[in-house]
Amino acid sequence: MDFHAALSLGLPLGIGVAAIGSGIGLGLIGQGAMQAIGRQPEATAKIQLAMIIIAALAEALTIYAFVTMFLLRDKI
Amino acid sequence: MGLEFLARVRKTSTWLGGVLALMAATYVDPMLGVAFAAGGVWSLANLRLLEKLVVSLFAPERSSPGSRRRLGFALGGLLGLFAAGAVLLQLLSPTALLLGFLLPLAVIVLKAAATLLLGSRLWGAIVNHRFRAALAAMALAAVTWFALGALTDATAENGSAGGQGAVTSAAPADPHGAAPADPHAAAGAGEHTAAGGEHAAPSGSSQAFPNVLGLIAGANHGKPWADFLHHYEILGFSLLVALLLGLVAFLASRRPQLVPGGLQNLVETVVEGLADFISGILGPKHGPRFVPFLGTLFIYILAMNLFGLIPFMHSATANLNVTVALALTVFVYVQFIGFKELGPLGWLDHMLGSPRDLTGWLLAPIMLPIHLLGELAKPISLSCRLFGNIFGEDMLLVAFASLGVAMLPFQQVPFGVPMQVVFYPLILLGSFLQAMVFTVLSSIYILLMLPHDHHDEQGHGHEAGAQHAH
């Protein structure tokens, strides 16, 4: 397996692995936020704000893999 | 019938002509779309002026001075219109202009034919029986299919070089034009891959929708200002967005009224909503000071994100340079706030983790690099998140637009199904969310830099907060 084959195999695979990780993270965040809203509906606005911030942080990890893919795509 | 019929014709022609011109501009050639739209507008204006002329000539009160003035206006307008038509014929493609000119006339004929057909007995006989109606629809579809097939075969045989070249070179989202060009470019140009790391290569022109500035630069290829425009296309779009926002702000605040209406009302709603939102994060004491900076950030980023959805425009935030500039602005501003509010010693104290006892001082050498790295990571994560999301959205649109071209069996017909429209709601949501995330994170970075009050210990004040709690 030469360099190009390894890269073209690894780039999509890397995105997939990153997506699995942040997918699990997003699921946990959503679960926690939904439970908190269900328990305390009057705090919905605050919980949603915090949820969106943390979800953005978790989602950014996949975006890093995505950006890396685009930076290395020309080397394939 | 009568004037009401003409008004309906105008409305139908406007919508139909707009959609057709957009399709022609996207799938065939941008200048063709412009010519088609110009022809349509010319024809519509012509119809409108003729209508005015006829009305002012044959109206009951035709001898009144107002009617005379209208008559003179219509005649002068027709003369000006003919002059404009001569200029347009010199500048643009005559065929597309003629097609655009014929569009309202065709709409009139089709509408009249439909009125006649819908009242006829044959139509009633077909429609009232459900099997006959289905059969008629299927026959119509089959005739269209075979006619298109015959048409494409004919064009393919006639001039395969000319016809195919026009399609592949012109269709912006055509996978046959874009795909083979890519590996060659990557394999052939060693310098390009070497420079790619620095320039953040993803702005590959073969893989994106065409945009206005790029087309203008391409039409004037070789001139210095065109090269400049092509190179700084992204800057051009971000400046354009800034100018538009400035214009809106100027128009809204030009004559402020106590009871706002229209634009002023809208802008005041947005500004008040942003002020409430940011004050909710930063607290009523510090919040109002930072509303101008953070609110401008939000509106600017949102406008740049959404600008890419307009045909022949481009999202400036889908380029790493713009997002890095925004994130660096936030970084410098946050450090400036830290120096101003805490003083140099206070800033150092903050970076050391605010040590107050022996444990704190022992941990300080570890806390300093952690805090410095954290500060440096903030602009990187801010810029990469915004860039990645918006760029990903653009790529999604391009991929589905080329799918819409490739899914049709008639490769020679420069036409595609606009598959990307399905994703517009998702992209509207995503653009809004990313602008909000950028703003919220910036305001939280500011909040962490501000001197902490005793009751809202957050983030960096963990050790101190734990001490107070005990």
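Visitor: How many of the 470 residues of chain B count as buried?

Guide: Of those 470 residues in chain B, 24% are buried, where buried takes 20 or more other C-beta atoms within 10 Å of a residue's own, exposed 12 or fewer, and partly exposed falls in between, with C-beta atoms placed from the backbone. This is a predicted model, where local features need pLDDT of at least 70, side-chain atom pairs count only at pLDDT 80 or more, and totals for chains, interfaces and linings use all residues. Residues are numbered from 1 along each chain as its sequence is written, while chains are lettered from A and ligands numbered from 1 in the order in which they are written.

Visitor: How do I read the pairing of α2 of chain A with α17 of chain B?

Guide: Two packed helices are described by the angle between their axes and the distance between the axes. Here α2 (residues 44–72) of chain A and α17 (residues 424–449) of chain B have axes that come within 10 Å and cross at roughly 100 degrees; axes are lines fitted to C-alpha atoms over the stretch in contact, with angles from 0 to 180 degrees between N-to-C directions. So α2(A) is roughly perpendicular to α17(B), a label for 65 to 115 degrees.

Visitor: Which residues make the contact?

Guide: I52(A), I53(A) and A56(A) meet V437(B), V440(B) and L441(B), contact being C-beta atoms within 7 Å.

Technical notes. Helices (H or I, at least four residues) and strands (E, at least two) are DSSP runs, numbered from the N terminus. Angles under 35 degrees count as roughly parallel, over 145 as roughly antiparallel, 65 to 115 as roughly perpendicular and the rest as oblique. Two residues are in contact if their C-beta atoms, placed from the backbone, lie within 7 Å.
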